[in-house]
Amino acid sequence: MMHRGITAPVALALVASALVGCSGQSPSAPLPPLEPPVPASEPAAPPAPAPEPEPAESPPAAAEPAPSPSPDGVDLAGLLTAPVPSLCDHPPGTLSAGRLAGIPQGDGGVELPDSTVEDILAGAETTRLAAVGPSETGEPQVAAVLQCDRGGVGWPDAIVLWTRDFQLLGGFALDGLTGGGRESAEFVESAPEGGFRVGWRTTLDTDAMCCGLGSAEAVFAWRAGAVSASEVALHDGSDEVAELIRLVREGQEVPASLATRDAVDGLREVFSDGLLVRDNDVRCGEPLPWDLPQDAPALGPIPCVTTIGNDGGFVVFAVSPGEWNEYTVTEAYSPPIALTGAGPLPPRS
């Protein structure tokens with residue numbers, strides 16, 4: 001389990017999945033039927049010659065879906081028929097209209113997100129869950145989110161990488177980094193240093209499986225023949241709690257986006273008692289090791305805790321999530337001193 005609230009570079013390599021087989025080309029579509037012959041009629045006198053008409057302009061051709069070229073000249077429409085590795089225990093294959101064919105009904109599927117397909121068909125140059133970025137050699141590469149399941153509940157989202165002409169490089173599921181089991185991608189974008197920056201939602205220890213409140217991110221790249229991940233970080237509200245502690249301790253103004261008035265006032269009360277609240281060991285999204293008094297404020301949806309350095313006590317906080325990696329501290333509370341005998345915080349899981 002990754003440490004909560006800590007940002008630490010992590011590097012790992014995942015071997016690209018081998019592509020199985022190539023489907024044969026489908027036969028050409030049949031030609032449209034010929035027009036039926038016009039019935040013969042009695043010969044008629046030829047009509048008087050008419051003035052030769054002015055040449056008419058050709059009618060405009062019917063509109064077709066616009067291509068989706070990226071700034072690097074890669075047509076994102078290639079994603080709709082790209083090869084994919086084995087995902088959710090389905091065999092590797094090739095997408096058709098953005099979906100892997102040949103999976104029996106009721107056995108799930110492998111597909112591009114609907115938003116990606118819609119953006120491509122609309123001719124968008126960029127889309128939220130797919131991007132074009134440079135490789136180590138500067139050649140463009142493509143990364144996109146793939147969704148998959150075995151029927152019913154969705155599995156963690158996966159990231160797949162291709163060359164600029166959509167030769168498969170590799171793919172992997174995001175739970176390989178955060179282990180939440182329901183990872184849901186939020187964005188894919190080209191990283192300035194090369195590769196792709198990906199953000200996703202993941203579950204914290206106190207979350208229901210349906211609803212991950214943690215925000216994770218990493219940079220993925222194809223290096224030395226393998227997919228690697230670096231700059232892995234998990235956001236869970238602990239950075240916001242630590243910043244609130246620092247601002248209140250220093251007597252600075254606290255932005256409303258960072259904490260509510262209740263949280264600020266509650267923390268000021270703790271400081272007014274001469275207690276030293278630590279900001280370097282804030283933990284969020286873990287079950288509290290103590291039972292709080294009945295009159296304690298509600299600590300959902302994300303509970304956080306840190307210690308008081310000069311008497312062995314602790315302060316608990318409540319954090320509310322917003323958009324990806326947006327957290328607001330809503331409560332700050334120090335239980336009665338009698339509870340400090342419950343012991344120190346347990347080691348991180």
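# Salt bridges, strands and confidence

Biologist: At what N to O distance do the side chains of Glu 217 and Arg 197 meet in a salt bridge?
Modeller: This is a predicted model, in which local features need pLDDT of at least 70 and side-chain atom pairs count only at pLDDT 80 or more, while totals for chains, interfaces and linings use all residues. Residues are numbered from 1 along each chain as its sequence is written, and side-chain values use heavy atoms, with hydrogens and water left out. A salt bridge is counted when a side-chain nitrogen of Lys or Arg is within 4 Å of a carboxyl oxygen of Asp or Glu. For the side chains of Glu 217 and Arg 197 the N to O value is 2.6 Å.

Biologist: How many residues apart are Glu 217 and Arg 197?
Modeller: Helices (H or I, at least four residues) and strands (E, at least two) are DSSP runs numbered from the N terminus. Glu 217 sits in strand E12 (residues 214–223) and Arg 197 in strand E11 (residues 196–202).

Biologist: Is Glu 217 buried or exposed?
Modeller: Buried means under 20% relative accessible area, exposed means over 50%, and partly exposed is in between (1.4 Å probe, protein chains only). Arg 197 has 26% relative accessibility and counts as partly exposed. Glu 217 has a relative accessible area of 13%, so the class is buried.

Biologist: How close are the N and O atoms in the salt bridge of Glu 111 with Arg 99?
Modeller: Arg 99 is partly exposed at 37% relative accessible area, and Glu 111 is partly exposed at 24%. The closest N and O atoms of the two residues are separated by 2.5 Å.

Biologist: Which strand pairs with strand E5 over three bridges?
Modeller: Two strands pair if DSSP finds at least two bridges between them. Strand E5 (residues 109–111) has an antiparallel partner, in which Gln 147 is the bridge partner of Glu 111. That partner is E7.

Biologist: Why is strand E7 largely enclosed by the rest of the structure?
Modeller: Strand E6 (residues 130–134) pairs with E7 in the antiparallel sense over five bridges, and Val 132 stands opposite Val 142. Six bridges join E7 to strand E8 (residues 158–163), also antiparallel, with Ala 144 opposite Val 160. Strand E7 (residues 140–149) is largely enclosed because the buried residues number nine of the 10.

Biologist: Which residue in the turn of the E6 and E7 hairpin has a positive phi?
Modeller: The hairpin has five residues between E6 and E7. The phi in question is about 95°, and the residue is Gly 138.

Biologist: Where is Cys 88, which has a positive phi although it is not a glycine?
Modeller: The phi of Cys 88 is about 55°. Cys 88 is buried, at 8% relative accessible area. Cys 88 lies in the loop between E2 and strand E3 (93–96).

Biologist: What are the edge strands of the open sheet of four strands?
Modeller: The order is E14-E15-E16-E17, with antiparallel pairing. An edge strand here pairs on one side only. The edge strands are E14 (283–284) and E17 (327–333).

Biologist: At about what angle does helix H4 run to E17?
Modeller: Axes are lines fitted to C-alpha atoms, for helices over the stretch in contact (heavy atoms within 4.5 Å), and angles run from 0 to 180 degrees between N-to-C directions. Helix H4 (residues 261–272) lies across strand E16 (314–321) and E17. The angle to E17 is about 40°.

Biologist: What is the omega of the cis peptide bond from Gly 300 to Pro 301?
Modeller: Pro 301 is found in the loop between E14 and E15. The bond from Gly 300 is cis, with omega near -5°.

Biologist: Which strand has the lowest confidence?
Modeller: pLDDT is the predictor's confidence in each residue, from 0 to 100. The protein chain averages 80, and 74% of the residues score at least 70. Confidence is highest in strand E2 (residues 83–84), at a mean of 98. The lowest mean, 36, belongs to residues 12–14, strand E1.
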